[in-house]
Amino acid sequence: MSTEYEAVIGLEIHVQLSTKTKMFCGCELSFGDDANVHTCPVCLALPGVLPAPNRTAFEYALKIGAALDCELSSFNSFDRKNYFYPDNPKAYQITQAVNPFAVNGKLGEVRIHHAHLEEDAAKTIHTGGAGRIQGSDASLVDFNRGGTPLVEIVTEPDLHSGAQVREWGQLLRATIKQLGVSDVNMEEGSLRCDANVSIRPAGSSELGTKTEMKNMNSFRFIERGIDAEIARQKALVEAGEPVVQETLHFDPSTGELHSLRSKEEAHDYRYLPEPDLVPVVPTQAMLDEARNSLPELPAARAARYEEIGVSEQAALLLSFETDWAEYFEGVLAAKKGVDPRVAANWVTGELSAELRKQDEQPLAETKVEPAALATLIGLVAEKKISHGAGKTVLEEMVASGADPETVVADKGLEQISDSGELEKIVIQAIEDNPKPSEQVRSGNEKAIGALVGAVMKATQGRADGGEVNRLLRQHLGL
Ligand SMILES: [Zn+2]
């Protein structure tokens, strides 16, 4: 009998804070400017300089701690984490190794071990043969990023599959985005996720040897990378070979894992207290402000939408993107009596698809006002137009910003309300399509689809689907 294995995954997430200036100096934060224009003696680590902590970074960090339901520490201190690397000119990073600003939290089903503040390294760019000296293979360092305030969130190993990591990661990203303290843009590196992965026999409480996967820049890649690593570890264990503690890189284009280096142990970093910074003791007012200023967070918003009847899937989609949630609430506010479930489906389904189809329009730029969509939803709900005709109207609304009632009138899309007229078309469709008609009569009810299609074609989608079905069945003797 083969052993069942369970994967155990913990995450370390780095979040760049969107403060105006860096963590320990007054240099501006920017993305995409020329290299090395936002630097000073402090963030270049010239001799004799002293760091000064950024108050806004602390306030942002405390908000993250509060949103993750952590205990906020009233005593913060800083430490030096020593390592030698070209993107780290001091040869140490200032971090919080002993007294982090937040401990013992929870988001969804995942416990948060702690969250601490630190400074980001500079950015190394490997030219891969495209260096300034023709054909040279150079490594360049851009110090604009060096010293950016970072919050590192460390979870307990409470996750068990790639899909679960993706879903939870999306919840975390949406939660931090809602706080307005970071861009959380994974492609630009303002949110970076490392995963520690190990496997153990199902039911065991011991932890196996873990590997670390670094800096994956989308939650889809993280899901695939973790699943590939779980499969690799299972194959090793089943072949009787050990899992080696190491850092891995997942290449999403090939689906392969490569070893980067053996993983450092904590003692490799020779942590020591940072002598240039006094401990930071947030006032009770600062701690209270962090908790009291929290907006409605995505998990709470999703629960509220589900309570008013929105499907779970649509509730999550809306809650994870603030602008979509605001648009949806605009639709509800614009028209009394609109069914939230139906409205949510139009927003996350038809509208979202039509925006994608028409040049990937962002929601913020759509010409379709929430009130206009509410009117369209009303026309369909009141059976003035069919659902199919509603989609035709929406296409025109997205393209030109037209008023739905005007489009319906101009295109003659009103539903056929005269049942005598519709009945004639149904009888004609049965006559014109003897084969499916015969199949339906002899018991193959699925064949009715061809007849419904014929009626819809003849009416240009202006017939009520339920009524068409009823009339077809009546005339076919079902
Ligand atoms: Zn600086």
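What follows is a short chat about reading some features of this predicted model.

Colleague: What should I know before I start?

Modeller: Residue numbers start from 1 along each chain as its sequence is written. The model is predicted, so local features need pLDDT of at least 70 and side-chain atom pairs count only at pLDDT 80 or more, while totals for chains, interfaces and linings use all residues.

Colleague: How many helices and strands does the protein chain have?

Modeller: Helices (H or I, at least four residues) and strands (E, at least two) are DSSP runs, numbered from the N terminus. Here you get 15 helices and 14 strands.

Colleague: What radius of gyration does the protein chain have?

Modeller: It's taken over C-alpha atoms, and the globule rule is 2.2 Å times the number of residues to the power 0.38. For 478 residues a compact globule would come out near 23 Å, but the protein chain has 29 Å. Its C-alpha trace spans about 90 × 60 × 55 Å along the principal axes.

Colleague: At what angle do helix 12 and helix 14 pack?

Modeller: Axes are lines fitted to C-alpha atoms, for helices over the stretch in contact, and angles run from 0 to 180 degrees between N-to-C directions. Helix 12 (residues 419–432) and helix 14 (residues 448–458) pack at about 125 degrees, axes 9 Å apart. Under 35 degrees is roughly parallel, over 145 roughly antiparallel, 65 to 115 roughly perpendicular and the rest oblique. So helix 12 and helix 14 are oblique to each other.

Colleague: Which residues meet there?

Modeller: Contact needs C-beta atoms, placed from the backbone, within 7 Å. I425, V426, A429, I430 and D432 in helix 12 meet L451, A454, V455 and A458 in helix 14. That contact's residues split into eight nonpolar, no polar and one charged; Ala, Val, Leu, Ile, Met, Phe, Trp, Tyr, Cys and Pro count as nonpolar, Asp, Glu, Lys and Arg as charged, and the others, Gly among them, as polar.

Colleague: What about helix 14 and helix 15?

Modeller: Helix 14 and helix 15 (residues 465–475) pack at about 120 degrees, axes 10 Å apart, so they are oblique too. I448, L451, V452 and V455 in helix 14 meet V468, N469 and L472 in helix 15.

Colleague: Why does R111 count as partly exposed?

Modeller: Buried takes 20 or more other C-beta atoms within 10 Å of a residue's own, exposed 12 or fewer, and partly exposed lies in between. R111 counts as partly exposed because it has 16 C-beta neighbours inside 10 Å. R111 sits in strand 6 (residues 110–119), and beyond its neighbours within four places in sequence, R111 contacts K106, T155, E156 and D158.

Technical notes
Contact = placed C-beta atoms within 7 Å.
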